[in-house]
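This briefing covers helix packing, aromatic pairs and the accessibility of selected residues. Please read it alongside the sequence and the model.

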Amino acid sequence: MMAGAFVYALTSAAYLLAPPFWPFLIVRVFQGIGFAFFHTASFMLIANITSEANRGQSLSYFTLASTVSSALGPPLEYS
């Protein structure tokens, strides 16, 4: 999870240095890899730390938080 977060953060900063198409594409691929590592590990962390009786509810809230932040973030940023 930490490696995924590090790769994601590093590639987010690398967008400033990669304006042409091919370097930008390479940065975007590595950002996707970092996001996949982090998202999978964090989902498993939530599944492991919650009780079996509340696991479905906890995973639903975790997924809902990601969806709500993706829906509300852009309008709040540009308003």
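Phe35 counts as partly exposed because its relative accessibility is 45%; buried means under 20% relative accessible area, exposed over 50%, and partly exposed in between, with a 1.4 Å probe and protein chains only. This is a predicted model, in which local features need pLDDT of at least 70 and side-chain atom pairs count only at pLDDT 80 or more, while totals for chains, interfaces and linings use all residues. Residues are numbered from 1 along each chain as its sequence is written, and side-chain values use heavy atoms, with hydrogens and water left out.

**Aromatic pairs**

- A search of the whole structure gives four aromatic pairs; rings of Phe, Tyr and Trp (its six-membered ring) pair if their centres lie within 6.5 Å, and planes under 30 degrees apart count as stacked, over 60 as edge-to-face and the rest as tilted.
- The ring centres of Tyr8 and Phe35 are 6.1 Å apart with planes at 50°, so this pair is tilted.
- Distant parts of the chain are linked by this pair, since Tyr8 lies in helix H1 and Phe35 in helix H2, 27 residues apart.
- Tyr8 has a relative accessible area of 36% and is partly exposed.
- Tyr15 and Phe24 form another tilted pair, at 5.2 Å centre to centre and 40° between the planes.
- Tyr15 is partly exposed at 24% relative accessibility, and Phe24 is partly exposed at 38%.

**Packing of H1 and H2**

- Helix H1 spans residues 2-14 and helix H2 residues 21-49; helices (H or I, at least four residues) are DSSP runs, numbered from the N terminus.
- H1 and H2 pack at an angle of about 155°, with axes 7 Å apart; axes are lines fitted to C-alpha atoms over the stretch in contact, and angles run from 0 to 180 degrees between N-to-C directions.
- H1 is therefore roughly antiparallel to H2, a term for angles over 145 degrees.
- The contact (heavy atoms within 4.5 Å) includes Gly4, Ala5, Val7 and Tyr8 of H1 and Val27, Phe30, Gly34 and Phe35 of H2.

**Other residues in the helices**

- Ala5, in helix H1, is partly exposed at 31% relative accessibility.
- Ala5 and Ala36 are 31 residues apart in sequence and 9.7 Å apart in space, C-alpha to C-alpha.
- Ser42, in helix H2, counts as buried at 7% relative accessibility.
- Ser42 is in contact with Met1 and Phe62, leaving aside its neighbours within four places in sequence.

How values were computed: Helices (H or I, at least four residues) and strands (E, at least two) are DSSP runs, numbered from the N terminus. Angles under 35 degrees count as roughly parallel, over 145 as roughly antiparallel, 65 to 115 as roughly perpendicular and the rest as oblique.
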